[in-house]
Every structure is written in structure tokens, then in C-alpha cells.
Amino acid sequence: MKYALKRILMLLVTMLIVSFLTFAAFALISGDPAEAMLGTEATPEQLAALRHELGLDRPFLTRYIAWLAGFFTGDLGTSIRYRQPVWELIAPKLEVTLCLCLVSFVIITAVSIPLAIWSYRWVGGAFDWLRTAFNQLCMAVPPFFTGILISWLFGILLRLFVPGDFPGLHANFGRALVHLFFAAVCLCIPRCAMTVRMMRSTVIGEMQKAYVRTAISRGNDRRAVLTRHVLKNSLTATVTFLGQTMAELVGGSVVVEQVFGIPGLGRLLVASISTRDYPVVQTVVVILAFWVVLAGTLADLINQRIDPRLRLGGDA
Amino acid sequence: MKKRINGYLLAGLIITGILLLMTLVGVFYTPCDPNAMSMGEKFLSPRAAHLFGTDNFGRDIFSRVLKGSGTTLAIALATVAIGAVAGTLVGAATGYFGGIVDDTLMRLNDALTAFPSILLALLVISIVGPGKYNVVLALGIVFIPSFARVTRTAFAGLRDVNYITSARLMGASHFRIMAAHMLPNTLRVLLPAITIGFNNAVLAEASMSFLGIGVTPPDASLGYMLSEAQGMFSRAPWYALCTGGVIALLVFGAGLIGEGLQKIDREVA
Amino acid sequence: MKKRILAVILLLGMLTTLLAACGSKGANPEKRREANEIVIGIPQDFDSLDPDHMTAAGTKEVMFNVYEGLVKPTSDGNIVPAVASDVNVSSDGLTYTFTLRQGVKFHNGDTVDMQDVLFSLKRRMSEDDAAAHLAALDIIADVNGQGDTLTITLSEPSGEFLAYMMNVFIIPAEYEESAVSMGTGPFKVVSHTAQDSLVLERFDDYWGTAAKVAKVTCKIIEKADALVRGLQSGALDMVSHMTYAQTSQLKKESFHVEEGSMNLVQALYLNNSVKPFDDVRVRQALCYAIDKQGIIDLAFDGYGTPLGTSMFPSFAKYYDASLTDYYPHNEDKARELLKEAGYPNGFEMTITVPSNYQPHVDTAQVIVEQLKKVGVTATILPVEWNSWLSDVYGKSEFQSTITGLTSDNMTARKLLERFNTKAGNNFTKYNNSDYDELYAQAVSCTDDARQVELYQQMERNLTENAANVYIQDMADLVALRAGLEGLTFYPLYAVDLSTLYWG
């Protein structure tokens with residue numbers, strides 16, 4: 001319990017640093033929302049008046065503290081570009097990105113864990129090198145390139161989904177899910193390969209340990225040892241890795257959303273950075289960072305449940 | 001265990017070696033001027049005169065790939081160098097000293113890790129602007145935390161090992177202990193981290209180019225060319241396939257080397 | 001084990017069937033044709049639906065269908081009455097009398113009255129709302145609205161006043177309280193989802209010729225190649241502002257491509273206040289060194305009209321075609337001029353380019369190659385659009401830049417005023433007293449023929465002094481699905497959706 005509390009405290013501190021860093025970054029970027037809004041027609045007087053209206057002429061720290069105070073009282077501010085409450089703007093995008101990550105996560109666990117176990121049976125076999133090579137190859141292709149190939153093959157040639165027409169989760173859930181599925185596939189290919197590779201090397205490492213050799217030499221069946229002991233012991237590493245995967249997926253979705261035209265957080269973020277819509281950027285960054293930290297924390301907490309040894313050590 | 005030829009390492013070294021050689025040649029000689037445009041030679045499919053065909057300006061893609069892989073390699077290596085050196089310094093300090101140094105630096109490290117990597121790169125580029133050197137800077141920063149974490153764990157593990165304690169008792173300075181005694185022992189974990197880092201750098205550079213925050217023309221990197229090529233996919237598929245193929249080979253080769261290193265590591269252990 | 005593999009294969013097979021079943025119900029051009037709907041692809045989101053707050057050209061061109069002023073433009077470049085039925089200008093050019101058209105309705109069904117018109121006008125005149133303030137209206141001395149007659153008195157005559165009135169869109173007096181954006185145009189806004197889509201529906205009570213299609217969805221897709229895939233997949237029916245490289249990827253039997261012009265002046269704009277561009281000989285040398293037609297051929301597949309000054313052919317009245325070849329491509333002459341100016345071995349320069357505009361980036365790449373031949377080493381410096389606005393356009397912190405400048409109200413003044421020394425947006429820091437003198441005369445001139453003459457003299461002045469290296473008016477390639485007809489081009493940045501129909 002104490003450990004959980006400590007983790008949560010650390011999480012808060014991290015989030016605070018993240019939000020401050022983002023805010024500071026925005027103070028350094030050239031160009032501000034007033035210029036973005038007025039475009040090429042702007043006169044210096046107009047710019048000054050608009051900056052005042054938006055509160056951009058206040059000192060940096062005052063603005064940060066005001067934002068922070070707002071954040072903690074549940075007021076995320078108003079998007080400068082859309083003149084719409086930030087939360088209203090973000091909520092539907094968050095939904096889509098969460099769905100995309102969830103679909104990807106399900107695919108990754110459903111594909112890579114059985115694949116890893118299956119591939120372990122072939123360690124040292126004749127075609128082992130082929131599988132390793134294939135695995136490496138999956139990791140070597142940039143996701144946006146796979147994305148383009150996938151939209152070509154499944155979207156335009158086979159017409160399984162319509163690139164450029166994401167129907168919206170509420171409008172047509174089934175079709176939206178299909179669209180997300182293909183986007184998820186190109187996020188998953190390298191990640192699955194990594195998971196398989198990681199699990200394989202953990203299992204191989206585990207198999208070389210003394211207790212396994214003892215168990216086998218006592219006449220236990222290799223497969224039974226594998227499923228009963230080895231897999232259980234390599235579970236913690238897998239959970240940690242899946243936690244990281246969850247975090248990485250969010251970053252990857254930024255690119256994939258562009259390729260598949262999915263209106264998610266990543267696209268909103270990229271556009272908001274370029275229009276200097278900092279209330280939106282600020283909130284999206286905090287949400288993404290929270291997601292990443294949360295995934296790590298959850299993985300740790302789950303691991304403590306699985307492996308009692310970790311409960312004593314504290315920071316493992 | 002019987003000493004066998006390490007197939008992965010060998011294959012990886014061969015692939016990477018060939019690519020490196022071609023890149024090196026590309027620095028001094030390319031079949032055509034990589035930036036020379038030609039009205040009559042737009043979108044030519046691969047042929048003897050243009051091995052990879054030509055692009056929308058009639059430029060020879062093969063020559064551009066040779067030059068581009070130079071840029072990509074330079075970016076990836078510089079990035080990994082920044083990440084590894086800075087990360088190792090941070091990791092060594094936190095792992096060795098522990099306490100308050102550890103707490104402060106690791107919180108900052110956590111905060112950096114909390115940014116999805118592409119987002120962090122996006123923010124850095126927004127501040128410093130696009131361009132070759134800024135991409136290196138942005139990716140370098142992105143890569144520091146992972147190296148820091150790896151080294152920290154290794155250093156923390158070694159801190160209380162007997163020979164380190166003895167060295168300390170003999171009056172060796174902190175710096176000497178870290179540099180002469182601990183660092184060589186962490187190479188085992190650092191080397192695979194470096195190959196993975198290299199791969200991530202190549203792929204991240206490609207993603208950044210795709211988002212329009214990568215290197216700037218006419219400096220063609222492989223990632224920039226690929227993102228340019230995908231806009232003309234149905235007009236000139238060879239452009240995307242050739243550049244994409246070279247990126248994949250580059251990462252594939254380094255991946256195999258990493259695999260080989262890991263295998264050696266296992267066999268030693 | 002074998003059973004398990006079999007199970008996995010079965011599962012995959014089922015999944016694929018399911019996907020195929022769901023997917024095939026997707027967007028279908030045939031269905032849209034039956035329902036009389038179209039979907040167009042837009043490369044950037046709408047910055048604001050408020051007519052007085054929208055600044056992005058991409059927003060204005062679509063909202064052209066939603067909002068109207070008292071007067072509006074026609075496709076041949078004239079200004080005709082819209083919400084007003086009649087306009088009278090007094091002989092001294094100081095008094096404008098507008099008569100409101102009877103029975104013009106807002107999208108919610110309310111009739112437009114004088115109160116609405118006064119509100120709309122005052123909103124743009126007032127300085128309270130900085131974004132809405134239209135500086136060109138500062139010359140208004142008095143506004144008087146009674147019954148159906150609106151009288152505007154100016155403090156000084158202006159030949160372009162009506163053109164600026166096109167951008168005073170008529171909105172309801174209770175606009176700021178209402179949640180929806182509404183005007184009097186042929187289409188009404190149904191919904192806008194940030195970064196996803198804008199849905200427009202035909203306004204059946206429109207006072208003029210009603211639109212032909214019932215519904216238009218604008219899909220926002222930032223990536224150019226994703227737009228092309230959207231057309232190919234059947235998600236989109238029309239995309240404007242494409243390049244030849246993109247349209248050539250579309251199947252000829254499924255799409256037709258219409259060619260108009262973008263109505264902008266694409267040029268290598270030079271910062272006239274920094275070395276070496278403060279020397280007219282250097283600027284002229286660049287003009288000789290850069291081959292406009294070469295750029296158009298290489299980067300634009302031959303589509304585009306070469307220009308020689310800050311004016312494009314759509315403004316036929318003002319356009320002086322003889323200036324286009326004032327500096328024929330001549331590398332020897334360029335080298336000679338450079339030598340005279342003290343740069344026998346050339347020099348190094350930077351070209352700042354807004355990185356999100358691929359055509360400008362492409363142009364820059366060709367220019368770098370062309371300048372290499374006369375010994376000038378140019379480096380491309382791509383910046384984000386916002387940094388461009390701030391640093392290049394706002395603070396003139398640049399050496400040279402490539403961009404396209406437009407006139408959003410069909411006036412020559414809009415294109416030419418930014419080169420007068422006193423102009424707040426004189427980002428090229430062009431400094432020429434003759435030019436300033438001509439400009440002062442031109443804006444207060446009410447005699448049309450004389451004004452045209454003055455503007456042409458200004459154009460010549462820009463060309464002779466090589467203020468910038470003028471390149472072209474870019475071609476506007478619009479891809480339409482086969483059967484979608486009726487596209488009309490305007491001499492300003494606008495897409496008229498009301499004339500489109502499924503043939």
C-alpha cells in the first residue's frame with residue numbers, strides 16, 4: 001500500500017514536470033496564436049489587441065500558474081483556435097485514440113504471446129534463423145510505410161475499408177472498428193516482433209537456470225516444465241514489456257492517424273502545435289504523459305501481485 | 001559449448017558492411033549528380049542508366065539513395081552517440097552515487113520518458129526549427145533516458161561488488177572507479193542498447209520526415225525520400241520501394257548484429 | 001498443436017469475412033450520386049466559422065458558399081449586388097447608397113433587416129474585436145440605415161470601397177449569442193467536427209439560384225497522398241489545388257481534371273533591406289538567372305502562367321503582360337551584373353520556405369539548382385507556417401522567401417499596397433519613393449481609367465527595380481469524379497459549390 005502511494009506521488013511529480021516543460025517549450029517557440037489567427041492580413045495594432053484579449057501579454061509564470069490552477073479545478077481552458085472548451089474538443093479524439101490503442105494492444109497480446117511460445121519450441125531448429133530473420137525484418141520497416149502499403153492493398157485494391165473515410169465511432173461502430181483494425185495492424189507488426197523476441201530471450205535465459213535443469217534431469221517433461229515454471233517466471237518481464245508497449249502505441253498512433261486519416265489525439269496534437277493552440281497542446285501532452293506513466297505504474301503493480309519477491313524491494 | 005560461427009553476426013555484418021561501403025563510395029562518387037534535374041527524364045522506371053529509376057524532378061534515385069543513406073547514417077550515429085554518451089553519464093552518476101542525485105535526475109528522466117518519443121521530437125523541432133543538426137539534437141534528447149536507465153541499473157548493480165569496494169578502499173577516485181572499473185563491465189548491456197538505438201534512430205528519422213519535421217531539402221535523407229516517394233506511390237512505385245527497401249535493409253542488418261551480440265552474450269554466460 | 005493452428009486459421013478466415021462484410025458498406029460514390037450529395041477533400045481544418053474571424057484562405061474559399069455581403073463577386077471578376085438589391089455611388093465618390101433586397105433570409109428562416117446589416121458592418125468597423133476589425137473601413141465617416149436604405153459616407157474617396165464591402169458578411173444581429181454560424185448564402189452549416197469534417201446542406205430559401213446538390217461534406221485530410229487515396233478509394237468526389245504529380249495518379253475513366261489558376265503571385269520575395277539584395281543589380285541578376293518556365297516545367301509539369309510583376313492575368317484590367325519577359329533567362333547577363341555589383345564569384349544566400357506548402361518547397365529546389373549555374377549558393381531553410389508568419393512576414397527576418405500572395409477581394413490594391421514604404425505588411429522592405437508617390441495617387445483616385453494606369457505604372461516600377469523575382473501564377477488543378485460537373489473558377493480564392501451537379 002505504502003509502495004502504491006509512493007508510486008502515485010512520483011506520478012504526480014512527473015506530470016508536474018511534464019506540464020512545466022511543455023509550457024516552457026511553448027514560451028520558446030517562435031510565433032504565437034495571435035499571429036496564427038490573424039494570418040497575413042495582421043497589423044501590429046491588431047496583434048497587440050488580440051494578444052491582450054487572449055492573455056498572452058502576461059508573464060510566463062503567471063500564465064503557467066493560471067493554467068495549473070485551472071487544471072486542478074477542472075477547467076482546462078478554451079482552445080484558442082476553435083474557441084471551444086478544450087475538454088469538449090479532446091474527448092471525442094481521446095475516445096478514438098484509446099480505441100486504436102486498445103485494438104492494437106489486443107492484437108499484440110493475442111498474436112505475440114502464442115507466437116512466442118510456439119517459436120520457443122523451435123529454438124535451435126533448422127529454420128530458427130529464418131524466423132529470427134523474419135522477426136528482425138518486421139521490426140525494420142517504418143510503420144507509415146507499412147500503413148501506405150496496407151491502405152493500398154486492403155483499401156484500394158481489395159476494398160475492405162475506405163481510406164479517407166473514417167465513419168466515426170458513434171456513427172458506425174463496426175465500420176470504424178474495421179478502419180481502426182487496419183491502422184492497428186501497421187502499429188502492431190513491429191511491436192509484435194519485439195514482444196516475441198523479448199519473450200523468447202527471456203524464456204531461453206530462464207531455461208538455462210539451475211532449477212530448470214534440475215527439474216528436467218529429475219525426469220519432468222520439458223513441455224511441462226516450460227508451461228508450469230518457466231512461463232510463469234518470465235511473466236513479469238512480459239508484463240513490464242507490455243506496459244511499455246502500451247506507452248509506445250500512443251506515440252506510434254501520431255503517425256498512423258495521419259496515414260489513415262483517423263481523427264485522433266495525435267492529429268489534433270500535431271495541428272495544435274503548428275497553430276500554437278497551447279491550451280489544447282498542454283492538455284493533450286498531459287493526457288499522453290499520464291497514459292505513459294500510468295502504463296508503467298500499472299505494469300509494476302501487476303508484477304507485484306504476480307511475484308511476491310518484488311514487494312519487498314520497492315524500486316525494482 | 002562448441003564454438004560455432006555466429007550466423008546472425010556474420011550476416012548482419014555483411015549487409016551493414018555492403019551498405020556502409022556503398023555509402024562511403026557515395027560520399028566521393030555517385031553515378032549522376034544527385035541534385036541534377038532533368039526535364040526529359042522525369043519518372044523513369046528502373047533501367048541500366050538509372051538503377052532505381054528517377055523521381056519527379058528527373059533526378060537519379062540511386063545517386064540520391066547513396067547520398068541519402070550517408071545523411072541517414074550520420075544522423076543515426078550522431079544521435080546514438082549523443083544519447084549514449086549523455087545517457088551513460090547520467091546513468092553512471094545516478095547509479096553510482098544514488099541518493100539525492102539519483103532522485104533528482106531520475107525524476108527528470110521519468111518526465112522525459114513520459115513524453116511519447118515522437119512528441120518530444122516534435123516539441124524540440126518546434127523550438128529549434130527543422131534541419132539535419134536539429135533532428136540529431138531532438139532525437140539525441142529523446143534517446144538519453146533509455147540509455148540512462150540501462151547504465152543506471154548496471155552501475156547500481158556493480159556499486160557494492162567486492163572489487164569496486166576494494167578499489168574505493170584503496171583510495172581510487174570516483175571518476176577512476178567509474179571509468180576504469182565499472183564502465184567496461186557495462187559494455188555488455190550497452191552494446192545491444194546501441195544497436196537497438198541505432199535502429200530506432202533510423203526509423204524515428206523516417207517518421208519525423210513523414211510528419212514534415214525531419215531533414216530539409218535538398219539534403220535528402222532516406223526518410224525524407226521515402227516520405228516524398230509515398231506521395232507518388234501509384235505514379236512511381238519504384239521510388240518508394242527502393243528507398244523503403246534500403247531503410248529496411250539498414251535496420252535489418254543492424255538488427256541481426258544485435259541478435260548476434262546477444263547470442264554471444266548468452267553463450268558466454 | 002495442429003488443432004490449434006487450424007483454429008487460428010479458421011478464426012482469421014472468419015475475421016476477414018467479417019471485415020469484408022462491414023467494409024463493403026462504406027462510402028460509395030454511386031449512393032452519393034443517388035442522394036445528390038458530394039464529399040470534398042480539404043487539406044486543412046477550418047480556422048473559424050465566424051465570418052469575421054476566418055483568416056485561412058482554405059476556410060474562406062469554402063465559407064464563400066455560406067456567407068454573403070451586400071455585394072458579392074462573380075466568376076468573371078465583377079462585383080454585383082447580393083444582400084443589397086441596388087448600389088448607388090455619388091459622383092464625388094463619397095456617398096454609397098445600398099438598397100436592401102426584399103425577402104433575403106438567414107439560414108434559420110429569419111428575414112434580413114437593417115438592424116442585422118448595421119450590426120454586421122459595425123462589427124467589422126469596431127476595434128473592440130481585434131480579429132474582426134477591417135482597417136480598410138476606417139475611411140467610413142458616417143453610417144445611416146433607415147428602412148431599406150443604407151447610406152455610407154466616406155471621409156475620402158476610394159476606388160476599392162465596394163470590393164472591401166464584399167468581405168463585410170451579413171450575419172444576424174444576435175450572432176454572438178447564437179450557437180450556430182449562419183449567413184445568407186446558398187449553403188448552411190450543419191455541423192463542424194474539429195479536424196474531421198464540415199457538413200453543409202443546401203439552403204432552400206436562398207434568394208438567388210438555389211444550389212444543385214443537396215449536401216456537401218468537407219472531409220479534412222492533411223496529408224496530400226491521403227487525399228489522393230481518398231479519391232481512389234471512393235471516399236472523396238472532389239479535391240482542389242492538386243499538383244499534376246497527384247492528378248496523374250488518378251484513373252482517367254473515373255476522374256476528370258479541370259485547370260484554373262490559383263490567382264496568386266508566386267515569387268522569390270527578396271528582403272530589399274539586407275545585403276546583397278539592397279543592390280538593384282544583384283536583384284536583377286537573380287531575375288536573369290532564374291528560368292521561370294524551367295521551374296514550371298520541372299516542378300509543375302508545365303502547368304502555370306509565368307509572371308513578371310505583382311499581378312496575375314485574371315485581373316485583366318490591371319495586368320501588363322509585357323512585363324513577363326522583362327528579364328529573359330540569361331545566365332551570362334546575370335554573371336555580368338553580379339560582377340558589376342562586386343560579386344564576381346557569387347555569394348551565399350538562404351531561401352526561407354513555409355514547409356507545409358510542397359509547391360513552394362519544390363520551386364525552391366529548382367531555384368537552388370538554377371542559381372548554382374551563376375555561382376550563387378542558395379540554401380533552403382524550411383520553416384513552419386507559423387514561424388514564417390512571425391519571423392518572415394511579421395519581422396522581416398529573412399533574406400529571401402518563396403510564397404504566393406493573393407488578393408482576397410479582387411482588388412489590385414491588395415496586391416500592390418504591401419510594397420509601399422509605409423505599409424505595415426511591407427515585409428520585403430521595398431523602398432522606392434516613386435512607388436510611394438504612385439500608390440498615394442492611386443488609392444484616392446476615383447477615375448477608374450486613371451487608377452488602372454497608376455496601378456500599371458506601379459507594376460512596371462516593381463519590375464524595373466526587380467523588387468522580387470516573380471515566378472508564376474500557379475495552376476489550380478481540381479480533380480472531380482466522373483459525372484460531377486459544373487465547376488466554376490473565380491478570380492479569387494473561392495470554390496463555388498452551388499454550381500456543382502451530378503450529370
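Analyst: Quick definition first: axes are lines fitted to C-alpha atoms, for helices over the stretch in contact, and angles run from 0 to 180 degrees between N-to-C directions. The model is predicted, so local features need pLDDT of at least 70 and side-chain atom pairs 80 or more, while totals for chains, interfaces and linings use all residues. Residues are numbered from 1 along each chain as written, with chains lettered from A and ligands numbered from 1 in written order.

User: Thanks! At what angle do helix 9 and helix 11 of chain C pack?

Analyst: About 130 degrees, with the axes of helix 9 (292-300) and helix 11 (358-372) 9 Å apart.

User: Switching to chain A: how many helices and strands?

Analyst: Chain A has 14 helices and zero strands (DSSP runs numbered from the N terminus: H or I of at least four residues, E of at least two). Its C-alpha atoms fill a box of roughly 85 × 55 × 35 Å along the principal axes.

User: How far does helix 1 of chain A reach?

Analyst: Its 27 residues, 2-28, reach 39 Å from first C-alpha to last. That is close to the 39 Å expected at 1.5 Å a residue, counting one less than the number of residues.

User: And what do the buried residues of that helix pack against?

Analyst: Helix 13 (278-306) of chain A, together with helix 3 (99-114) and helix 4 (117-128) of chain B. Those buried residues include Met15(A), Val18(A) and Phe26(A); buried means 20 or more other C-beta atoms within 10 Å, against 12 or fewer for exposed and in between for partly exposed.

Technical notes:
Two residues are in contact if their C-beta atoms, placed from the backbone, lie within 7 Å.
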